[in-house]
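I opened the notebook to record what I looked up in this structure, entry by entry.

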Amino acid sequence: MLRYIARRILIMIPTLLITSALIFTVMQLPPSDYFETYVAEMAAQGEKADMSRVEFLKKEYGFDKPLIERYFLWVTGFVQGDFGYSFEYEMPVSDVVGERLALTVLVSFCTILMTWVIAFPIGIYSATHQYSWGDYGLTFIGLIGIAVPHFLLALIFMYFANVWFGLSIGGLMDPVYFNQPMSWAKAQSILAHLWIPVLIIGAGGTGSMVRAIRANLLDELQKQYYITAKAKGLPPGKALVKYPLRMSLNFFVSHIGDVLPSIVSGSELTAVVLSLQTTGPLLLRALQSQDMYLAGSFLLFLSCLTVVGVLISDILLGFLDPRIRLQGGRTK
Amino acid sequence: MAPTTPSDVLRIEDLRISFEMHGHLNEVVKGVSLRVPAGRTVALVGESGSGKTVISQAIMGLLPRNGVITQGRILFSDPIKDGKTLDIAQLPADGTKMRKLRGGRIGMIFQEPMSSLSPVHTVGSQIEEALQLHRPHPRKEARAVTEKMLGLVGFRDPSRSYDRYSFELSGGLRQRAMLAMALICHPALLIADEPTTALDVTIQAQVLKLMKELQRDIGMAILLITHDLGVVANMADEVVVVYRGELMEAGTVDDIFRRPSHPYLKALLKASPDFDMKEGERLVALREVAPVVPTRKKPSYEGNSAPLLSVRHLRKTYGSKSGGSVLAVDDVSFDIGRGECLGLVGESGSGKTTVGNMIMRARKADAGEIVFHGEKAPVDVLGLDSHTLKAFRPHMQMIFQDPVSSLSPRMTVLDIIREPMIIQGKGDAATQKQRAVELMHAVGLDPRFLNRYPHSFSGGQRQRIGIARALALDPDLIICDEPVSALDVSVQAQILNLLKDLQASLGLTYLFVSHNLAVVHYMAERIAVMARGRIVEIGPRQELFRNPAHPYTRCLLKAVPLPDLDRRLDFDVAMAGGTASDPASWPAEFRDVEGGSLRMIDLGNGHSVLAAERCTAHDIAVHRGHHAAQ
């Protein structure tokens, strides 16, 4: 098991190197860069850009140096915790992302928790009562959850909250708390606003999670070992939890790998519609304005989380499933 | 029906079971009555679809959700609660009473030892669970009881085996673990649903012996569900034959085998191949299908005495990243003559399928040489590049074991049979279709079925489609990899007869890979026996069966249960020396002791055996005589 983990960690290094190179290349692909866009924008507004500042920034961030060198400067900086400088916000990237990251993690964490808490019982019910009215009804609701885009759901929620209750449900806190240090009142405000985005972002995830749990469990319910368990005299509920459910967890655990990055990236469009102070809208804006260090560092950060997430789920799978632990690496 | 006595553990009276499908009931068990006396073995015999498994599920209260008992009683009288009788048919399936019976008083083992155990729990914990459910023990004691049970079913190191997982065990050991689980509460009745069908003959003999011993020790009754009459003859005291949900015949094993009265039973006895069949004798299938076998000009063999295929020093190693490697095929050499059927016999894991795959170039050989002597110049099969290999493909085709997974469910039968012709660019669509119609006739299927999909066919019909596909390119050599091991006895007879007819009329050559000695005996003129990746003995069929020279071959022959009461298995002899394929159990003449190497020793008549280099044919003969005298 230790060797397995060590090997998995070693594989992460080349994976991340290749990803970072790809991100950097994509960032460099557009014919213009942030400064040209900035100068052009200024010119369009009839103002003159501060060329000396542009020249200074270009020099400071090595835009005069060859691509390869800039890439290595960026990557080594990233490793040391220097994520670069956001030209648009004129702040270090870490300061721009700061509070938003914490809020994003909070929203996403609650969403994931809700997804699991709701999806598990429903999935188990649907699988054990296959083709019953309950199963059909829950499947129908789940499919609606999957089919309706989040941002549309957000718009609908906002509309009806306003028309029926006269509430503005956008944002993650009352506007008076923006850029305020954390306080008890602010925390309360956040909690009061939290449930709507959690519900909206979680809807689709819950629906697909229910489908997946149902499908996996149905497969396992057909297996002979479940009949063996019942033939031993185990009560049906106990047999279900100990054998087929345990086996269907494999899928669930491998899903954790996808969950980590989504904790940070949030649901971009929904966040824009609901004007949530998460990182989603920030990434969108950074990509639009070619704020390359902000966007690049953000993407690389997401890649790191993906790789770590996959690592965690693989290790968990190893603990959960002895076949992976004991047979791993055997060739066919 | 035999008279019921108070000592019957189980009595089934006029049982009817239906399955609900799309709103209406479909009766699958139609008034079956049977009894299982205490401490005895009753065999429930029938083909797949005869309802025998459904009966066992009803006894266990484990019918699928859409199954209902519409009539009849299932009376279970527990000998330890003298005389108290429960009607299982009336008990709620998941109620406390039924759950106490299940696993506690009635144990069950299943056909598939691979999937019957959970792969993520240790073997010991799964066995112990059954114990704790019915006879709670303190933890330490429970483990001790479980380990004792593991020892009883033949695990060599019970305390270590407790912590192992099912995928770390061989099929035979898994079935032993299942037995331990079913018997740890000392039930009054054991239901064994095809317990040895998925096992190799030598392992089958061991498991059957174990069941007999445990029956003697624990004193339970056994309801043995099987389609194998050989197993029945060796195990059962009484026999019940069912066909399509109806009871055909019931009686003592003596009555059934010596005086079969029902035509179905007589037909079943004739359909299974055994070692006594004379040269040219045909199996009689229950439902004969008459194929219109085409004739073609047999390839002219004159002036070409070379064998069709020569395999020399073939070798294959499977490696694993976590260190260590398995020598799957080790220095295998043989020839297949033109128009001959060579049988390749061995237990699972002996490397016989790998040999077939390497000849087909489906797997890469590590070393060795395969030469195909066609009508033109000899072809070095392993040396072909992708281009020449494609051109060579039509000469060799393959028939697979699993008729379900070897046909794509998304292609019609016509597409399946045409595919090889399309790949090889043989003819246009019209001639390909015409050829497909011809092939359907040849394998005894109605050409009107060409537009159907595989799922609408039975296992035997699917296997015919697989055969038609193999014939599509007019091959010279067909590798049959366990072509009948997934089929029922009666269907098996049909397919074997079809293969024989096709061989005769088309001048085909077969490499027939199988673990079933009786089937190989029926099909092959020459037989090669494989163990641990090596051919240990090869020779003409009669020679090999009459004078087996290698200890492994002898073990194999002795372990086959025959449907004949006068020649029951001698379990003790069959078991001698533990695992028969383990070279450590062979006499020194057949092992490579002290670095000495092994070679094939010619015993005359094309019969050779693998033995130590220093041995001569005379030594082997002496050894054999010595053994025969014992």
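How many Å separate the centres of domain 2 of chain B and domain 3 of chain B? I am working from a predicted model. I took the centres over C-alpha atoms and got 29 Å for these two domains of chain B.

**Entry: domains of chain B**

I noted the bounds of the three domains of chain B: domain 1 covers 30-270, domain 2 covers 309-546 and domain 3 covers 547-630. I then looked up the contact between domain 2 of chain B and domain 3 of chain B, and found 18 residues from domain 2 and 17 residues from domain 3. On the side of domain 2 of chain B that touches domain 3, two or more residues come from each of α17 (517-523), β19 (526-531), β20 (534-540) and α18 (541-546) of chain B. I found that β20(B) gives the most to that side, with seven residues. I sorted the residues of this side of domain 2 of chain B into ten nonpolar, two polar and six charged.

**Entry: strand β20(B)**

I went on to β20(B) itself.

I looked up its pairing next. β19(B) and β20(B) run antiparallel and are joined by six bridges. They form a hairpin with two residues between them. In the turn, I read a positive phi of about 50° for B:Arg532. β20(B) also pairs with β22 (residues 608-612) of chain B, again antiparallel, through two bridges.

I picked out B:Glu537 in β20(B). Its bridge partner is B:Val529, and B:Glu537 also stands opposite B:Val609 in β22(B).

**Entry: chain B as a whole**

I counted 21 helices and 22 strands in chain B. Its radius of gyration is 26 Å, close to the 25 Å that the globule rule gives for 630 residues, so chain B is as compact as a globular protein of that length. I put the span of its C-alpha trace at about 80 × 65 × 50 Å along the principal axes. Of its 630 residues, 45% count as buried. Among contacts in chain B with a separation of 6 or more, I found that 68% join residues 24 or more positions apart.

**Entry: domains of chain A**

I noted domain 1 (2-92) and domain 2 (97-327) for chain A. I placed their C-alpha centres 31 Å apart. The contact involves 24 residues of domain 1 of chain A and 18 residues of domain 2 of chain A. On the domain 1 side, the elements giving two or more residues are α1 (2-28), α2 (34-44), α4 (67-79) and β1 (85-86) of chain A. α1(A) gives the most, with twelve residues. I listed that side of domain 1 of chain A as 15 nonpolar, six polar and three charged residues.

**Entry: chain A against chain B**

Which element supplies the largest share of the side of chain A that touches chain B? I first noted that the contact takes 23 residues from chain A and 30 residues from chain B. On the chain A side, α9 (224-231), α10 (236-265) and α14 (322-327) each supply at least two residues. The largest share, six residues, comes from α9(A). I divided the chain A side into ten nonpolar, six polar and seven charged residues.

**Entry: confidence in chain A**

I read an average pLDDT of 80 for chain A, with 95% of the residues at 70 or above. Confidence in chain A is highest in α9(A), at 89, and lowest in helix α11 (residues 268-273), at a mean of 70.

How values were computed:
Residues are numbered from 1 along each chain as its sequence is written. Chains are lettered from A and ligands numbered from 1 in the order in which they are written. This is a predicted model: local features need pLDDT of at least 70, side-chain atom pairs count only at pLDDT 80 or more; totals for chains, interfaces and linings use all residues. Domain bounds come from an automatic or database domain assignment. Two residues are in contact if their C-beta atoms, placed from the backbone, lie within 7 Å. Helices (H or I, at least four residues) and strands (E, at least two) are DSSP runs, numbered from the N terminus. Ala, Val, Leu, Ile, Met, Phe, Trp, Tyr, Cys and Pro count as nonpolar, Asp, Glu, Lys and Arg as charged, and the others, Gly among them, as polar. pLDDT is the predictor's confidence in each residue, from 0 to 100. The radius of gyration is taken over C-alpha atoms; the globule rule is 2.2 Å times the number of residues to the power 0.38. A residue is buried if 20 or more other C-beta atoms lie within 10 Å of its own, exposed if 12 or fewer, and partly exposed in between; C-beta atoms are placed from the backbone. Two strands pair if DSSP finds at least two bridges between them.
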